[in-house]
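Please look over the model shown here with the points below at hand. They take up a pocket, a loop residue and a pair of rings in turn.

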Amino acid sequence: MGLFRSSQSTRGGFRRASFGTLLIVCGIAAGVFAGVPMLHQSLTMTQTPVQLSCVELLRGGIPENTSIVVLRDAQVHPPGELELNVDGGAASPMLGKVQAVLAHPRAAVLVDRLVRGDVLPRGMTKRPGPQPLRLTPGRETAEAALNETKETGSLTVHVSEDPTAKLICKIADRLSLPIPDGMQQAAEIPSFSLKPASLIATQRDALLWCVGGGLSMAFGLILCGSSPIGWWAVLSPISALIGLPGVILRNGRGGFITWFLSLIAGGAALAAGYHLAFEMGRLGQAGGIWLWQSAGLLSASFGLAAILGTLLSIRSKRRMGDDNHDALATMVPSVTSSSTKKHRRNTENEESSAEPRPAALQSMISTNDYTRRYLDPRLNVSVNMETAADVQKQTESLERLQFDSPLIIEIARGEDTIEATVQVGCRNLVLAMTDCLDENLRLRMVSILEDGHVVISGNGADERLTDTTDGDTSSLRMHVTGKAAKLVTKHLEVAAEIAEKRRTKMVLLEPNEWRDVIHYSERCMADTLHHAHLEKWDISSASYGRFAFPPQEVSIPAMV
């Protein structure tokens, strides 16, 4: 369900999740509590009515083939005015507060919607306490039923079981609360709720309520599932829990297998919704069960959210792949021509303050035939939670460019170990590495093209990245700058130019692929330096996740 590639702050995620939760609540109110009963009643209007007396209905229950009953001896007793104690003499302080609220003039509309009329056999005197035959809530409902009995002498109603008294007794029993004798007696005998047929909504109106409620819940689930987790999860844990199923598709994640499984789950939820509503809930049939019907609508909403979220996630993923150059344009300043780029790069190389490689060392490397076997550096997540001040300053500037939060790692070569930070950003096109060695801040940006070619940029503080070097496996660039944000811009400019020359695009990197990207880029850089006669290495084939050396076409990850 998490479908949007979000570059917003956690505050935006909080607003999105809050609005999604509001949509879910409104959808439940409209679909479950209003739409489902309306649809069930409207579907039963096509059934053949059965004429019964009130006593026959109480003794025999709801007929097997129909829920529409004509009570030929019905007498309607409209609800009276509520006897509210506004003087504070209620049995409990809580009850007194409730009565005080209901006694307020502005609560009259609410009271009129809650009161219920009673139906008794003609000529029978009404006794105190709950009655077994009651009209659905609303003073207008009782007035309509009373008018119908006066005009026709009978009352045509939709009959359903009324478990209110039994439910109240069960809850009170579990909470060890006192239960009035009248309520206990009402729970022991069958109770029915009667809806006048003249007030039953049309199928069109009922479908609008159900479909509107289902869509509201589905879009609410999508919004909650696509919201990036942040500090707001502490303040709104319900929204965070609702959005957990969307983690697998959130922030542009997911692949073919993930999408396929999500679509299967969505289709299964839709099928389960039909089974729950029509088979178990008997929607539109006699003896329908509201609980199962509501569960069917909820299941269908979850299924719809899963399918829509998957389709939009696929669309978002494809747009990110097709708009790589558009993404670069937002980060890279416009350049008038390729000659200007070359002139700028040559000027930077000429102004570099890095010292050239010593002539004696270069002569030894060129003449010596001895090569060392290349071994991957050892990478581990550091237990250290803090970095140097200069490193922290650069990582914070990258975070302002929508890079991920820095991950502190340890890079070990032989007996030497250094700590560095790793961040993925620029819409997952660049992996940034930052470390500080001998008080020298070292910056490195890495991007990988779809044909496996690696583009690496450094700030000149790394002795291996002190010049421009091009090879079959990688292109190495050095830019004189001490700011990570500026190096990102220069790196993206070069990467876009190289990708255009090679007629390919840049690969979208996943944050959890940092090990594979570092290992693969280091091996490709060693190969380029070897063929440029700057280092001597015996480099063998290797595979790192979806990256393979010698370079091959990089596939889209199947599942994250």
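**Notes on the model**

1. Helix α1 gives the most to the lining of the largest pocket, with seven residues, where helices (H or I, at least four residues) and strands (E, at least two) are DSSP runs numbered from the N terminus. This is a predicted model, in which local features need pLDDT of at least 70 and side-chain atom pairs count only at pLDDT 80 or more, while totals for chains, interfaces and linings use all residues. Residues are numbered from 1 along each chain as its sequence is written, and side-chain values use heavy atoms, with hydrogens and water left out.

2. The lining of the largest pocket comprises 44 residues, and those nearest its centre are Pro-37, Gln-41, Thr-136, Pro-137 and Ser-193. A pocket here is an open set of points on a 1 Å grid over the protein atoms alone, where a 1.4 Å probe fits, with protein on both sides within 12 Å along at least five of seven lines; lining residues have an atom within 4 Å of a point.

3. Gln-285 sits in the loop between α11 (256-280) and α12, and its contacts (heavy atoms within 4.5 Å) beyond four places in sequence are His-40, Thr-44, Gln-47, Ser-67 and Phe-278. The C-alpha atoms of Gln-285 and Thr-44 are separated by 6.3 Å, although these residues are 241 apart along the chain.

4. The structure holds four aromatic pairs, counted when ring centres of Phe, Tyr or Trp (its six-membered ring) lie within 6.5 Å, with planes under 30 degrees apart stacked, over 60 edge-to-face and the rest tilted. The rings of Tyr-374 and Trp-537 form an edge-to-face pair, because their planes stand at 90°, with the centres 5.5 Å apart.
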